[in-house]
Amino acid sequence: MSGGLYGVTTNRTYRRAGFGAEVRRGSRPAIVVVDLTRGFTEDSYPSGADLSEVVAATTRLIEAARPVEVPVIFTAIAYTEAEASGDAVAWLRKAPGLRALVEGSDAVAIDPRLPMRPGHDQLVVKKGASAFFGTSLAATLTGLGRDTVVVCGATTSGCVRATVVDAVQSGFPVLVPRACVGDRAEGPAEAALFDIQAKYGDVVTLEDAVGYIGSVPAPAAPDAARRSHRRGDST
């Protein structure tokens with residue numbers, strides 16, 4: 001019997017500590033697609049890897065969201081020329097390879113294979129790992145009335161993990177479809193998924209995530225909603 005990533009003793013220790021409970025799934029989810037930009041999804045960029053399978057899996061999840069009008073929010077790391085070449089962003093001193101992620105460059109463009117709808121899907125531009133830090137994402141999710149966040153994207157051990165932690169700290173239950181997240185190396189990715197499953201969210205299959213998104217009640221058509229209101233069905 002497999003002991004998982006870290007072995008039977010670690011699993012037993014985590015269970016004893018009370019980690020790994022299943023999260024509550026709400027009825028008004030949103031999908032947050034973290035940094036599936038060309039600089040991360042294409043291995044021609046120093047910061048990237050071939051994440052074609054992740055892009056394909058995320059596309060399937062997004063397509064399941066469209067008929068039930070589950071919002072899809074994309075994020076991208078992008079720096080001004082001054083930020084990328086200067087010394088003001090501490091993270092860039094630690095990870096200088098990210099200096100290539102300059103506003104307006106191909107590296108920060110959302111992967112064109114993804115079914116993003118410009119003018120409909122929101123784009124959050126960020127400077128750090130978490131999609132919540134220094135952005136309006138939490139307020140946007142609250143304004144949309146969302147109660148659960150499904151996180152996809154890259155990299156699993158970096159921006160995805162940071163976003164998941166901040167999502168649950170902001171009050172949102174989190175699901176992470178394993179097939180919809182990717183990294184440059186397997187070891188850090190598996191460690192991050194272990195940590196997420198233990199402490200912050202549920203790591204689920206793509207089939208589970210698609211089924212969950214597809215089960216969300218579709219919003220009533222405007223004409224039907226107006227007729228219901230006239231009949232006094234709404235309060």
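Visitor: Quick one to start: how many salt bridges does the count come to?
Guide: The count comes to 13 salt bridges. A salt bridge here is a side-chain nitrogen of Lys or Arg within 4 Å of a carboxyl oxygen of Asp or Glu.

Visitor: What sort of model is this, and what pLDDT do local features need?
Guide: This is a predicted model, where local features need pLDDT of at least 70, side-chain atom pairs count only at pLDDT 80 or more, and totals for chains, interfaces and linings use all residues. Residues are numbered from 1 along each chain as its sequence is written, and side-chain values use heavy atoms, with hydrogens and water left out.

Visitor: Back to the bridges. Which residue does lysine 126 form a salt bridge with?
Guide: Lysine 126 pairs with aspartate 35, and the closest N and O atoms are 2.8 Å apart. Lysine 126 sits in strand E3 (residues 122-126), while aspartate 35 is in the loop between strand E1 (29-34) and helix H2 (38-41), so the pair ties together parts that are 91 residues apart in sequence. Helices (H or I, at least four residues) and strands (E, at least two) are DSSP runs, numbered from the N terminus.

Visitor: Is lysine 126 buried or exposed?
Guide: Lysine 126 is buried, at 1% relative accessible area. Aspartate 35 is buried too, at 0%. The cut-offs: buried is under 20% relative accessible area, exposed is over 50%, and partly exposed is in between (1.4 Å probe, protein chains only).

Visitor: What about arginine 93, which side chain does it meet in a salt bridge?
Guide: That of aspartate 87, at 3.7 Å from N to O. Arginine 93 is partly exposed at 47%, and aspartate 87 is exposed at 53%.

Visitor: And where are lysine 199 and aspartate 195?
Guide: Both are in helix H8 (residues 186-199), four residues apart, which means about one helical turn separates them. Lysine 199 is partly exposed at 38%, whereas aspartate 195 is buried at 11%.

Visitor: Which residues are linked in a network of salt bridges?
Guide: Arg38, Glu42 and Asp106 are linked that way.

Visitor: How many residues are in the largest nonpolar core?
Guide: The largest nonpolar core has 66 residues, and Ile31, Leu61 and Ile213 have the most contacts inside it. Helix H3 (residues 52-65) gives the most to this core, with seven residues. Such a core is a set of buried Ala, Val, Leu, Ile, Met, Phe, Trp, Tyr and Cys residues joined through side-chain atoms within 4.5 Å.

Visitor: What is isoleucine 31 in contact with?
Guide: Leaving aside neighbours within four places in sequence, isoleucine 31 has partners including Leu61, Ile62, Val150, Cys152 and Ile213. Contact means heavy atoms within 4.5 Å.

Visitor: Next, aspartate 202. Where does that one lie?
Guide: Aspartate 202 is in strand E7 (residues 202-204), and it is buried at 5%. Its side chain reaches the backbone nitrogen of valine 23 at 3.2 Å. That is a polar contact: a pair of N or O atoms within 3.5 Å; within protein, one must be able to donate a hydrogen and the other to accept it, and residues adjacent in sequence count only if both atoms are side-chain atoms.

Visitor: What else does aspartate 202 touch?
Guide: Not counting residues up to four places away in sequence, its contacts include Ala21, Glu22, Val174 and Gln197.

Visitor: Is threonine 148 buried or exposed?
Guide: Threonine 148 is buried, at 1% relative accessibility. It lies in strand E4 (residues 148-154). A polar atom of its side chain is 2.8 Å from the backbone nitrogen of glycine 26.

Visitor: Last one: which residues does UniProt list for the domain?
Guide: The unreviewed UniProt entry lists residues 30-208 as "domain: Isochorismatase-like". UniProt positions are in the numbering used here, feature names are shortened, and annotations may be inferred rather than shown by experiment. In the model, that span is 37% helix and 18% strand, with its end C-alpha atoms 15 Å apart.
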